[in-house]
Amino acid sequence: MSYTLKGLKILDFSTLLPGPFATLYLADLGAEVVHIESPTRPDLLRLMPPFANGQATSQSYLNRNKQSVALDLKDPANIELVKSKIADYDIVIEQFRPGVMQRLGLDYLILSEINPKLIYCSITGYGQTGTYKAKAGHDINYLALSGIAGHSGRIESGPPALGIQVADVAGGSMHAVIAILAAVIERQRSGKGQYIDISMTDCVVTMNNLAASASLAGNQHQRPESGYLNGGTFYDYYATQDGRYLSIGSLEPQFMQGLAQLLELPIILEKGTSFAPEDHAQVKQAIQDKIRSQPLAHWQMLFAQADVCVEPVLKLEEALRSELAQQRGWVVQVPLKMNDSEQSQAQLACPIKFSRSAMRYDFIGQTLGEKQNW
(Lines give C-alpha, C1' and ligand atoms only; values in the text may rest on other atoms or scores of the structure.)
Protein backbone atom coordinates (compact mmCIF):
# COMPACT_ATOMS: atom_id res chain seq x y z
CA MET A 1 0.00 0.00 0.00
CA SER A 2 1.32 3.46 -0.93
CA TYR A 3 1.30 6.03 1.90
CA THR A 4 2.45 9.57 1.13
CA LEU A 5 4.46 10.01 4.35
CA LYS A 6 5.78 6.46 4.67
CA GLY A 7 9.30 6.58 6.10
CA LEU A 8 8.88 9.71 8.23
CA LYS A 9 9.41 9.02 11.93
CA ILE A 10 7.89 11.29 14.57
CA LEU A 11 8.26 11.58 18.33
CA ASP A 12 5.10 13.12 19.76
CA PHE A 13 5.24 14.59 23.28
CA SER A 14 1.90 16.44 22.97
CA THR A 15 -1.37 15.99 24.84
CA LEU A 16 -5.01 17.09 24.63
CA LEU A 17 -6.11 18.24 21.15
CA PRO A 18 -3.79 20.47 19.05
CA GLY A 19 -0.66 18.30 18.87
CA PRO A 20 -2.43 14.93 18.81
CA PHE A 21 -4.75 16.06 15.99
CA ALA A 22 -1.74 17.22 13.97
CA THR A 23 0.06 13.90 14.43
CA LEU A 24 -3.18 12.03 13.70
CA TYR A 25 -3.11 13.52 10.20
CA LEU A 26 0.56 12.69 9.81
CA ALA A 27 -0.01 9.12 11.02
CA ASP A 28 -3.03 8.64 8.74
CA LEU A 29 -0.81 9.76 5.86
CA GLY A 30 1.66 7.01 6.71
CA ALA A 31 4.19 8.51 9.13
CA GLU A 32 5.39 6.36 12.03
CA VAL A 33 4.38 8.18 15.22
CA VAL A 34 5.59 7.22 18.69
CA HIS A 35 3.55 8.99 21.35
CA ILE A 36 5.53 9.59 24.55
CA GLU A 37 3.18 9.71 27.55
CA SER A 38 3.63 10.09 31.29
CA PRO A 39 2.89 6.91 33.26
CA THR A 40 1.81 8.96 36.32
CA ARG A 41 0.04 11.99 34.81
CA PRO A 42 -2.16 10.62 32.02
CA ASP A 43 -3.28 12.77 29.15
CA LEU A 44 -6.69 14.22 30.06
CA LEU A 45 -7.96 12.77 26.77
CA ARG A 46 -7.78 9.35 28.42
CA LEU A 47 -10.09 10.51 31.22
CA MET A 48 -12.76 12.31 29.20
CA PRO A 49 -16.08 10.48 28.77
CA PRO A 50 -17.70 8.90 26.89
CA PHE A 51 -15.89 5.56 26.78
CA ALA A 52 -16.05 2.70 24.29
CA ASN A 53 -14.06 -0.52 24.05
CA GLY A 54 -12.49 0.22 27.42
CA GLN A 55 -11.14 3.71 26.81
CA ALA A 56 -12.13 7.29 26.01
CA THR A 57 -13.49 7.71 22.49
CA SER A 58 -11.43 10.88 21.92
CA GLN A 59 -8.22 9.03 22.86
CA SER A 60 -9.11 6.13 20.57
CA TYR A 61 -9.58 8.54 17.67
CA LEU A 62 -6.88 11.17 18.15
CA ASN A 63 -4.15 8.62 18.82
CA ARG A 64 -4.98 6.02 16.19
CA ASN A 65 -2.05 4.57 14.26
CA LYS A 66 0.34 5.77 17.01
CA GLN A 67 2.50 3.65 19.29
CA SER A 68 2.10 4.58 22.98
CA VAL A 69 5.31 4.61 25.03
CA ALA A 70 5.10 5.44 28.77
CA LEU A 71 8.13 7.41 29.99
CA ASP A 72 8.60 9.47 33.13
CA LEU A 73 10.54 12.44 31.75
CA LYS A 74 11.59 13.43 35.26
CA ASP A 75 13.79 10.34 35.29
CA PRO A 76 17.25 11.20 33.86
CA ALA A 77 17.56 7.68 32.49
CA ASN A 78 14.52 8.26 30.28
CA ILE A 79 15.94 11.56 29.03
CA GLU A 80 19.06 9.70 27.99
CA LEU A 81 16.90 7.06 26.34
CA VAL A 82 15.18 9.70 24.21
CA LYS A 83 18.55 11.18 23.26
CA SER A 84 19.83 7.76 22.26
CA LYS A 85 16.88 7.33 19.90
CA ILE A 86 16.64 10.83 18.44
CA ALA A 87 19.06 10.22 15.57
CA ASP A 88 16.50 7.80 14.11
CA TYR A 89 13.67 10.36 14.05
CA ASP A 90 12.78 13.11 11.60
CA ILE A 91 10.38 15.19 13.66
CA VAL A 92 9.64 16.10 17.27
CA ILE A 93 6.37 17.76 18.22
CA GLU A 94 5.65 19.05 21.72
CA GLN A 95 3.03 21.19 23.41
CA PHE A 96 4.47 22.19 26.78
CA ARG A 97 4.75 25.78 27.92
CA PRO A 98 7.94 27.53 26.75
CA GLY A 99 10.97 26.43 28.72
CA VAL A 100 9.69 23.03 29.88
CA MET A 101 11.53 20.95 27.28
CA GLN A 102 14.68 23.00 27.93
CA ARG A 103 14.50 22.20 31.64
CA LEU A 104 14.07 18.54 30.79
CA GLY A 105 17.10 18.63 28.51
CA LEU A 106 15.05 17.82 25.41
CA ASP A 107 14.85 21.20 23.68
CA TYR A 108 15.74 21.81 20.04
CA LEU A 109 19.28 23.08 20.68
CA ILE A 110 20.23 19.93 22.56
CA LEU A 111 18.50 17.41 20.27
CA SER A 112 19.64 19.12 17.05
CA GLU A 113 23.26 18.70 18.15
CA ILE A 114 22.63 14.97 18.10
CA ASN A 115 20.53 15.06 14.92
CA PRO A 116 21.12 18.18 12.76
CA LYS A 117 18.35 17.07 10.39
CA LEU A 118 15.73 17.14 13.14
CA ILE A 119 12.58 19.19 12.60
CA TYR A 120 11.25 20.31 15.96
CA CYS A 121 7.75 21.83 16.30
CA SER A 122 6.45 23.50 19.46
CA ILE A 123 2.72 24.31 19.71
CA THR A 124 1.73 26.82 22.39
CA GLY A 125 -1.06 29.28 23.04
CA TYR A 126 0.98 32.44 22.61
CA GLY A 127 4.33 31.42 21.12
CA GLN A 128 7.89 31.27 22.38
CA THR A 129 8.39 35.03 22.74
CA GLY A 130 6.51 38.00 24.15
CA THR A 131 4.91 38.79 27.50
CA TYR A 132 2.11 36.25 26.99
CA LYS A 133 4.40 33.27 26.37
CA ALA A 134 4.08 31.78 29.88
CA LYS A 135 0.34 32.39 30.27
CA ALA A 136 -2.16 29.56 30.37
CA GLY A 137 -4.94 29.61 27.82
CA HIS A 138 -7.62 27.68 26.01
CA ASP A 139 -9.37 27.88 22.66
CA ILE A 140 -11.90 30.44 23.91
CA ASN A 141 -9.08 32.75 25.06
CA TYR A 142 -7.21 32.56 21.76
CA LEU A 143 -10.40 33.36 19.84
CA ALA A 144 -11.03 36.30 22.16
CA LEU A 145 -7.55 37.80 21.73
CA SER A 146 -7.44 37.15 17.98
CA GLY A 147 -10.42 39.41 17.30
CA ILE A 148 -12.54 36.60 15.88
CA ALA A 149 -14.96 36.54 18.81
CA GLY A 150 -15.25 40.31 18.55
CA HIS A 151 -17.08 40.21 15.22
CA SER A 152 -18.89 36.88 15.63
CA GLY A 153 -22.31 36.14 17.07
CA ARG A 154 -25.26 38.46 17.61
CA ILE A 155 -25.41 42.12 18.59
CA GLU A 156 -27.75 41.35 21.48
CA SER A 157 -26.26 38.09 22.77
CA GLY A 158 -22.56 38.55 22.02
CA PRO A 159 -19.92 36.01 20.90
CA PRO A 160 -21.12 32.43 20.38
CA ALA A 161 -19.81 29.41 22.26
CA LEU A 162 -18.69 27.30 19.31
CA GLY A 163 -19.17 23.56 19.05
CA ILE A 164 -15.58 22.96 17.89
CA GLN A 165 -12.14 24.23 18.90
CA VAL A 166 -11.23 26.57 16.05
CA ALA A 167 -8.01 28.00 17.47
CA ASP A 168 -6.76 24.63 18.69
CA VAL A 169 -7.34 22.87 15.37
CA ALA A 170 -7.34 25.49 12.58
CA GLY A 171 -4.74 27.52 14.44
CA GLY A 172 -2.59 24.88 16.12
CA SER A 173 -3.00 21.49 14.46
CA MET A 174 -3.34 22.49 10.81
CA HIS A 175 -0.62 25.14 10.86
CA ALA A 176 1.71 22.68 12.58
CA VAL A 177 1.11 20.12 9.83
CA ILE A 178 1.72 22.72 7.12
CA ALA A 179 4.89 23.96 8.79
CA ILE A 180 6.28 20.48 9.44
CA LEU A 181 5.73 19.29 5.87
CA ALA A 182 7.19 22.55 4.50
CA ALA A 183 10.28 21.99 6.67
CA VAL A 184 10.55 18.41 5.39
CA ILE A 185 10.60 19.72 1.81
CA GLU A 186 13.13 22.43 2.66
CA ARG A 187 15.35 19.83 4.34
CA GLN A 188 15.58 17.97 1.05
CA ARG A 189 17.39 21.01 -0.36
CA SER A 190 19.45 22.13 2.62
CA GLY A 191 20.03 18.83 4.41
CA LYS A 192 19.24 20.60 7.69
CA GLY A 193 16.38 20.55 10.14
CA GLN A 194 14.94 23.58 11.91
CA TYR A 195 12.80 24.80 14.78
CA ILE A 196 9.12 25.70 14.32
CA ASP A 197 7.28 28.03 16.71
CA ILE A 198 3.49 27.63 16.35
CA SER A 199 1.34 30.00 18.39
CA MET A 200 -2.34 29.05 18.24
CA THR A 201 -3.25 32.72 18.69
CA ASP A 202 -0.88 33.91 15.94
CA CYS A 203 -2.24 31.33 13.56
CA VAL A 204 -5.94 31.76 14.28
CA VAL A 205 -5.58 35.52 13.72
CA THR A 206 -5.09 34.67 10.05
CA MET A 207 -8.55 33.09 10.02
CA ASN A 208 -9.83 36.67 10.09
CA ASN A 209 -8.51 37.00 6.48
CA LEU A 210 -11.35 38.98 4.78
CA ALA A 211 -12.28 41.02 7.85
CA ALA A 212 -8.65 41.79 8.69
CA SER A 213 -7.79 42.90 5.16
CA ALA A 214 -10.75 45.27 5.22
CA SER A 215 -9.68 46.62 8.61
CA LEU A 216 -5.97 46.99 7.85
CA ALA A 217 -6.11 48.35 4.29
CA GLY A 218 -9.65 49.72 4.03
CA ASN A 219 -10.21 51.10 7.53
CA GLN A 220 -13.52 49.22 7.67
CA HIS A 221 -13.90 47.38 10.94
CA GLN A 222 -16.33 44.46 11.06
CA ARG A 223 -18.70 44.11 13.99
CA PRO A 224 -21.26 41.38 14.79
CA GLU A 225 -24.02 41.23 12.17
CA SER A 226 -22.39 43.96 10.10
CA GLY A 227 -20.72 42.12 7.21
CA TYR A 228 -21.84 40.09 4.24
CA LEU A 229 -20.90 36.80 5.86
CA ASN A 230 -21.50 37.30 9.60
CA GLY A 231 -25.21 38.04 9.72
CA GLY A 232 -25.23 41.55 8.29
CA THR A 233 -27.13 40.38 5.20
CA PHE A 234 -29.69 37.62 4.65
CA TYR A 235 -26.75 35.16 4.48
CA ASP A 236 -27.70 33.57 7.80
CA TYR A 237 -29.50 30.83 9.72
CA TYR A 238 -33.28 30.82 10.00
CA ALA A 239 -35.51 29.03 12.51
CA THR A 240 -38.17 26.67 11.19
CA GLN A 241 -41.60 25.94 12.63
CA ASP A 242 -40.30 22.93 14.57
CA GLY A 243 -37.31 24.67 16.12
CA ARG A 244 -34.72 23.50 13.59
CA TYR A 245 -32.66 25.76 11.33
CA LEU A 246 -32.04 26.36 7.65
CA SER A 247 -28.83 27.88 6.28
CA ILE A 248 -29.31 30.38 3.47
CA GLY A 249 -26.25 31.55 1.53
CA SER A 250 -27.84 32.71 -1.75
CA LEU A 251 -25.69 35.81 -2.28
CA GLU A 252 -24.96 35.58 -6.01
CA PRO A 253 -27.66 37.01 -8.34
CA GLN A 254 -28.69 33.66 -9.84
CA PHE A 255 -29.02 32.06 -6.41
CA MET A 256 -30.83 35.09 -5.03
CA GLN A 257 -33.34 34.95 -7.89
CA GLY A 258 -33.95 31.25 -7.33
CA LEU A 259 -34.44 31.82 -3.59
CA ALA A 260 -36.91 34.65 -4.22
CA GLN A 261 -38.93 32.47 -6.58
CA LEU A 262 -39.04 29.42 -4.31
CA LEU A 263 -39.99 31.44 -1.25
CA GLU A 264 -42.30 33.72 -3.25
CA LEU A 265 -40.62 36.77 -1.75
CA PRO A 266 -39.89 39.47 -4.38
CA ILE A 267 -38.47 41.67 -1.60
CA ILE A 268 -35.27 39.56 -1.80
CA LEU A 269 -34.63 40.83 -5.33
CA GLU A 270 -35.81 44.34 -4.58
CA LYS A 271 -33.65 44.98 -1.52
CA GLY A 272 -31.31 42.02 -1.18
CA THR A 273 -28.36 43.82 -2.77
CA SER A 274 -28.92 47.10 -0.96
CA PHE A 275 -26.30 48.33 1.47
CA ALA A 276 -28.85 50.02 3.71
CA PRO A 277 -29.07 48.23 7.08
CA GLU A 278 -32.82 48.77 7.28
CA ASP A 279 -33.30 47.05 3.92
CA HIS A 280 -31.30 44.05 5.07
CA ALA A 281 -33.39 43.91 8.22
CA GLN A 282 -36.61 43.88 6.17
CA VAL A 283 -35.36 41.13 3.89
CA LYS A 284 -34.21 38.99 6.80
CA GLN A 285 -37.52 39.43 8.62
CA ALA A 286 -39.48 38.45 5.51
CA ILE A 287 -37.35 35.33 5.06
CA GLN A 288 -37.61 34.45 8.75
CA ASP A 289 -41.41 34.78 8.74
CA LYS A 290 -41.63 32.51 5.70
CA ILE A 291 -39.20 29.87 7.02
CA ARG A 292 -40.91 29.80 10.41
CA SER A 293 -44.20 28.92 8.76
CA GLN A 294 -43.15 25.33 7.94
CA PRO A 295 -41.11 22.54 9.58
CA LEU A 296 -37.59 21.66 8.43
CA ALA A 297 -38.76 18.62 6.46
CA HIS A 298 -40.90 20.85 4.24
CA TRP A 299 -37.94 23.07 3.38
CA GLN A 300 -35.67 20.11 2.81
CA MET A 301 -38.07 18.76 0.21
CA LEU A 302 -38.52 22.16 -1.40
CA PHE A 303 -34.80 22.89 -1.72
CA ALA A 304 -33.58 19.33 -2.36
CA GLN A 305 -33.31 19.79 -6.12
CA ALA A 306 -32.77 23.56 -6.13
CA ASP A 307 -29.21 24.80 -6.64
CA VAL A 308 -29.51 28.00 -4.60
CA CYS A 309 -27.10 27.47 -1.64
CA VAL A 310 -29.76 26.51 0.92
CA GLU A 311 -29.16 23.53 3.21
CA PRO A 312 -30.57 22.21 6.50
CA VAL A 313 -28.62 22.64 9.73
CA LEU A 314 -28.02 19.01 10.67
CA LYS A 315 -27.29 17.61 14.06
CA LEU A 316 -23.92 15.88 14.12
CA GLU A 317 -25.43 12.40 14.27
CA GLU A 318 -27.60 13.27 11.25
CA ALA A 319 -24.59 14.59 9.33
CA LEU A 320 -22.57 11.44 9.98
CA ARG A 321 -25.42 9.26 8.67
CA SER A 322 -26.26 11.49 5.72
CA GLU A 323 -26.14 10.53 2.06
CA LEU A 324 -23.21 12.92 1.57
CA ALA A 325 -21.32 11.25 4.42
CA GLN A 326 -21.78 7.85 2.80
CA GLN A 327 -20.87 9.05 -0.67
CA ARG A 328 -17.71 10.79 0.51
CA GLY A 329 -16.65 8.25 3.13
CA TRP A 330 -16.70 10.43 6.23
CA VAL A 331 -16.71 7.43 8.58
CA VAL A 332 -14.39 4.41 8.64
CA GLN A 333 -14.18 1.28 10.74
CA VAL A 334 -10.80 1.08 12.48
CA PRO A 335 -9.51 -2.18 14.03
CA LEU A 336 -9.14 -2.17 17.80
CA LYS A 337 -5.74 -3.85 17.42
CA MET A 338 -3.22 -4.08 14.61
CA ASN A 339 -3.79 -7.02 12.27
CA ASP A 340 -7.12 -7.83 13.95
CA SER A 341 -10.16 -7.36 11.75
CA GLU A 342 -12.54 -9.08 14.14
CA GLN A 343 -13.39 -5.95 16.15
CA SER A 344 -13.47 -2.35 15.03
CA GLN A 345 -14.64 1.11 16.05
CA ALA A 346 -16.36 3.74 13.91
CA GLN A 347 -14.26 6.90 13.58
CA LEU A 348 -13.96 9.95 11.37
CA ALA A 349 -11.92 9.27 8.25
CA CYS A 350 -9.03 11.42 7.11
CA PRO A 351 -10.72 13.64 4.48
CA ILE A 352 -7.79 13.93 2.06
CA LYS A 353 -8.17 11.92 -1.13
CA PHE A 354 -5.25 11.10 -3.42
CA SER A 355 -5.35 9.54 -6.87
CA ARG A 356 -2.70 6.92 -6.02
CA SER A 357 -1.95 6.96 -2.30
CA ALA A 358 -4.07 5.53 0.50
CA MET A 359 -4.82 6.48 4.09
CA ARG A 360 -3.71 4.28 6.97
CA TYR A 361 -6.20 2.95 9.53
CA ASP A 362 -4.20 0.28 11.37
CA PHE A 363 -5.62 0.49 14.90
CA ILE A 364 -7.35 2.83 17.34
CA GLY A 365 -5.38 4.71 20.01
CA GLN A 366 -3.41 2.29 22.15
CA THR A 367 -3.66 1.77 25.88
CA LEU A 368 -1.12 3.73 27.91
CA GLY A 369 2.36 2.31 27.37
CA GLU A 370 1.14 -0.49 25.11
CA LYS A 371 4.36 -0.40 23.10
CA GLN A 372 6.93 -2.18 25.25
CA ASN A 373 10.73 -2.11 25.04
CA TRP A 374 10.99 1.04 22.91
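**Note on helix packing, nonpolar cores and backbone geometry**

1. Helix α10 passes helix α13 in a right-handed crossing, the near helix being turned clockwise from the far one by less than a right angle. The model is predicted, so local features need pLDDT of at least 70 and side-chain atom pairs count only at pLDDT 80 or more, while totals for chains, interfaces and linings use all residues. Residues are numbered from 1 along each chain as its sequence is written, and side-chain values use heavy atoms, with hydrogens and water left out.

2. The axes of α10 (residues 253–263) and α13 (residues 296–303) come within 11 Å and cross at roughly 125°. These axes are lines fitted to C-alpha atoms over the stretch in contact, with angles from 0 to 180 degrees between N-to-C directions. The two helices are therefore oblique to each other, a class left over once angles under 35 degrees (roughly parallel), over 145 (roughly antiparallel) and 65 to 115 (roughly perpendicular) are set aside. Helices (H or I, at least four residues) and strands (E, at least two) are DSSP runs, numbered from the N terminus.

3. Leu259, Leu262 and Leu263 of α10 meet Trp299, Leu302 and Phe303 of α13, contact meaning heavy atoms within 4.5 Å. These residues divide into six nonpolar, no polar and no charged.

4. The largest nonpolar core has 38 residues, of which Cys121 and Ile180 touch the most other members. Such a core is a set of buried Ala, Val, Leu, Ile, Met, Phe, Trp, Tyr and Cys residues joined through side-chain atoms within 4.5 Å; buried means under 20% relative accessible area, exposed over 50% and partly exposed in between (1.4 Å probe, protein chains only). Among the elements that give two or more residues to this core are β7 (119–124), α7 (166–190) and β8 (195–199).

5. Not counting residues up to four places away in sequence, Cys121 touches Val92, Ile93, Glu94, Ala176, Ile180, Ile196 and Ile198. A second, separate core of 20 residues includes Ile248, Ala260, Val283 and Leu296.

6. The peptide bond from Pro49 to Pro50 is cis, with omega near 5°. Pro50 is found in the loop between β2 (32–37) and β3 (51–52).

7. Two non-glycine residues with positive phi deserve a remark. Cys309, with phi of about 65°, is placed in the loop between α13 and β11 (310–312) and, at 36% relative accessibility, counts as partly exposed. Asn339, with phi near 60°, lies in the loop between β12 (331–337) and β13 (340–348) and counts as exposed at 77%.

Technical notes
Nonpolar A, V, L, I, M, F, W, Y, C, P; charged D, E, K, R; others polar.
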